[in-house]
Amino acid sequence: QERQAIGAKGKNWLFFGDQHRESDYLYGKELDKLHKDGFLTNLSLAFSRDQAHKIYVQSIIQERAKEIYAWLEEGGSFYVCGDAARMATDVHKALIGAIVSEGGKTQEQAEEYIQGLVDAKRYQRDVY
């Protein structure tokens, strides 16, 4: 909504995950409209319990690793909000995996890359 209000033009990508679309897609209508209207460039949804095969945000990160790494290389930022116990850890691991696979980096180099993002305030976490 802020991006819409200020007329922000840069690309953005929202990954939203929870158990069930029907009961847990908070602000779903608004998010869908923001995506449709072009204020959300990409909207990737992961509802883990709506099908037999569980889909999580980290699953989408793994599937879209090439694009995510390219966005980071272009100066993109990465923000994680939600459950600290599992989701944030799993998303962090998936992001490191994307940097390893798409950036041709070792695990250690990927962790240094992430630290560079943290230092530049391009990787932030609001987890609880």
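Guide: Let's start with one word: a residue is called buried when its relative accessible area is under 20%. Keep that in mind, and remember that the model above is predicted.

Visitor: Okay, why is Asn12 called buried?

Guide: Asn12 has a relative accessible area of 12%, and the cut-off for buried is under 20%, so Asn12 counts as buried. You'll find Asn12 in the loop between α1 (2-6) and β1 (13-18).

Visitor: Which residues does Asn12 touch, leaving out those up to four places away in sequence?

Guide: Arg3, Phe39, Leu40, Thr41, Asn42 and Trp71. To count as a contact, heavy atoms must be within 4.5 Å.

Visitor: Leu40 is on that list. What makes Leu40 buried?

Guide: Its relative accessibility is 10%. Buried means under 20%, so Leu40 gets the label. Leu40 lies in the loop between α3 (28-36) and β2 (42-47). Apart from residues up to four places away in sequence, Leu40 touches Asn12, Leu14, Leu31, Leu34 and His35.

Visitor: How far is Leu40 from Gly10, in sequence and in space?

Guide: They're 30 residues apart in sequence, and their C-alpha atoms are 9.6 Å apart in space.

Visitor: And Ser48: buried or exposed?

Guide: Buried, because Ser48 has 3% relative accessibility and the limit is under 20%. Ser48 sits in the loop between β2 and α4 (57-63). Leaving out residues up to four places away in sequence, Ser48 touches Asp18, Gln19, Lys54, Ile55 and Tyr56.

Visitor: What makes the link between the side chains of Ser48 and Arg49 a polar contact?

Guide: Their side chains are joined at 2.6 Å, and a polar contact needs a pair of N or O atoms within 3.5 Å. Neighbours in sequence count only if both atoms are side-chain atoms, and this contact does join side chains.

Visitor: How many salt bridges does a search of the whole structure find?

Guide: Four. The idea behind them is that side chains of opposite charge can pair when their charged atoms come close.

Visitor: How do you know that Asp32 and Arg21 form a salt bridge?

Guide: The distance from N to O is 3.7 Å, and the rule asks for an Arg or Lys side-chain nitrogen within 4 Å of an Asp or Glu carboxyl oxygen. So the pair passes. This pair links distant parts of the chain: Asp32 is in helix α3 and Arg21 is in helix α2 (residues 21-24), eleven residues apart.

Visitor: Why are Asp32 and Arg21 called partly exposed?

Guide: Asp32 has a relative accessible area of 31% and Arg21 has 38%.

Visitor: What other pairs meet in a salt bridge?

Guide: Asp37 meets Lys33 at 2.6 Å, N to O, and Arg64 meets Glu67 at 2.5 Å. Both distances are within the 4 Å limit, so both pairs qualify. Asp37, at 36%, is partly exposed, as are Arg64 at 27% and Glu67 at 34%.

Visitor: Which residues lie nearest the centre of the largest pocket?

Guide: Leu14, Phe15, Phe16, Tyr79 and Cys81, out of a lining of 45 residues. The pocket's volume is about 1800 Å³. The largest share of the lining, six residues, comes from β1.

Methods:
Residues numbered from 1 in each chain as written. Predicted model: local features only at pLDDT ≥ 70, side-chain atom pairs only at ≥ 80, totals over all residues. Heavy atoms only, no water. Helix = DSSP H or I, 4+ residues; strand = E, 2+ residues; numbered from the N terminus. Buried < 20%, exposed > 50% of the residue type's maximum accessible area, 1.4 Å probe, protein only. Polar contact = N/O pair within 3.5 Å; in protein donor to acceptor, adjacent residues only side chain to side chain. 1 Å grid on protein atoms, 1.4 Å probe; cavity = no way out; pocket = protein on both sides within 12 Å on 5 of 7 lines; lining within 4 Å. Points joined across faces, edges and corners; volume = space filled by probe spheres on them.
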